[in-house]
Amino acid sequence: MEYFEGINKVNYEGPESKNPLAFKYYNPDETVMGKSMKEQLRFAMSYWHTFTYMGNDPFGVGTMFRPWDNTEDVMEKAKRRVHAAFEFMEKLQIPFFCFHDRDIASEGKDLKETNERLDVIVPIIKEEMGRTGIKCLWGTANAFSNPRYVHGAGTSCNATVFAYAAAQIKKAIEITKELGGENYVFWGGREGYETLLNTDTGLELDNFARLLHMAVDYGKEIGFTGQFLIEPKPKEPTKHQYDTDAATVLAFLRKYGLEKHFKLNIEANHATLAMHTFQHELNQCRINGVFGSVDANQGDSNLGWDTDQFPTNVYDTTLAMYEVLLAGGFTKGGLNFDSKVRRASFEESDLFYAYIAGMDTFARGLKVAAKLLEDKVFENFKAERYASYNQGIGKGIVDGKVGFKELEAYALENGITPNVSGRQELLESILNQYIMETK
Ligand code: XUL
Ligand code: CO
């Protein structure tokens, strides 16, 4: 059964094309900085936003009536979604997918039945992966939607809920391994708090670290070789999420001896909710050696929540890809479109237009970032800006050869050499020129 009738494989036609169902910038086989665009960008489809989101919002029910959902039988629906998802990825040339356990099969009456449902669906996904060559970028557990997680999962005040979450995550790691997942993600879900009047934050964080250690140990035990990732977010659903931003997560990982086992999955809209730029969060990961993967989307500067829009801002994708390239590019990670179409974009074709927009925007960002790096536009500027640390007293500071007494003697004797301009506006204007002119 074909679910996206009338839509053929989406191909690269170049920037002159007026075909809405063609790529203008994403040319999978074109080489950029020694690798094909396909290898550089490692695009992934989010199973949840693309195949289970119905367009519901706090004020209204779903608006999206998908042909693959046209059955009351939950297992039949789950199977149809697999086939629709692979048809979609094949047509869009998307090489990876990401999923929550609950996206691929809904919960049964108890944990046993829930796990049995997964055991029915996972082989069907595996078969489709074999047929198409599409791979799993990461899996995760949805330990936030069910009412049992009202007080959190790993940070619940209820120890039996902690145990249930651990059981769910154990199974999610097993199926991610079974599907050859290259990473396993922990996003906080309801790991946070609403009020300190009822919350023991010390115990909750200790327990969360215990859960992560158990996950790492179990992953080793069963031979899971994927990368464990944590995805920071500052708020929503809880008022205060424990994994607020990259710096907070790093401090947490280091406190509990988890830093060797985890890298970070940076989401653009989570960065902006934390009052950082997407680029800032990627930069913090890069300089601390924990850059892992990306959840690609964008927020709305007038809205204070996680709107998860498809990325269309070339300025942001350029600066993001600049950091990704500086970090050495993706290894196990990739660009997962944790993005959803608007509620009013309820037709199936809108899913194609949305992914094409996102993929083209990142492809363009990649090309501009590569050119900026090749021409060393900012790197040469920065090298010169910090050149005083390469010799004399600056070298003494960097090499740890001087202390306060030597620095005082130096300052008394020499004063300072004059500061020079940071040239921000000049650099921004050069950046604009690259964005507009890069071929
Ligand atoms: C929520 C979010 C999640 C995670 C996976 O804001 O980003 O979809 O990426 O649980
Ligand atoms: Co995300």
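Buried means under 20% relative accessible area, exposed means over 50%, and partly exposed lies in between (1.4 Å probe, protein chains only). This is a predicted model, in which local features need pLDDT of at least 70 and side-chain atom pairs count only at pLDDT 80 or more, while totals for chains, interfaces and linings use all residues. Residues are numbered from 1 along each chain as its sequence is written, chains are lettered from A and ligands numbered from 1 in the order in which they are written, and side-chain values use heavy atoms, with hydrogens and water left out.

**Exercise 1.** Find the class make-up of the shell around ligand 1, and the distances from its oxygen atoms to polar side-chain atoms of Glu231 and Asp306.

Solution. Step 1: the residues around ligand 1 (a heavy atom within 4 Å) include Trp48, His100, Glu231, Asp306 and Asp338. Step 2: by class, the shell has three nonpolar, two polar and six charged residues; Ala, Val, Leu, Ile, Met, Phe, Trp, Tyr, Cys and Pro count as nonpolar, Asp, Glu, Lys and Arg as charged, and the others, Gly among them, as polar. Step 3: a polar side-chain atom of Glu231 is 2.7 Å from a ligand 1 oxygen, and for Asp306 the distance is 3.0 Å.

**Exercise 2.** Describe the setting of His49 and its side-chain contacts with Trp48 and Asp338.

Solution. Step 1: His49 is part of helix α2, residues 47-51. Step 2: with a relative accessible area of 10%, His49 is buried. Step 3: polar contacts are pairs of N or O atoms within 3.5 Å; within protein, one must be able to donate a hydrogen and the other to accept it, and residues adjacent in sequence count only if both atoms are side-chain atoms. Step 4: the His49 side chain has such a contact with that of Trp48 at 3.4 Å and with that of Asp338 at 2.7 Å.

Conventions: Helices (H or I, at least four residues) and strands (E, at least two) are DSSP runs, numbered from the N terminus.
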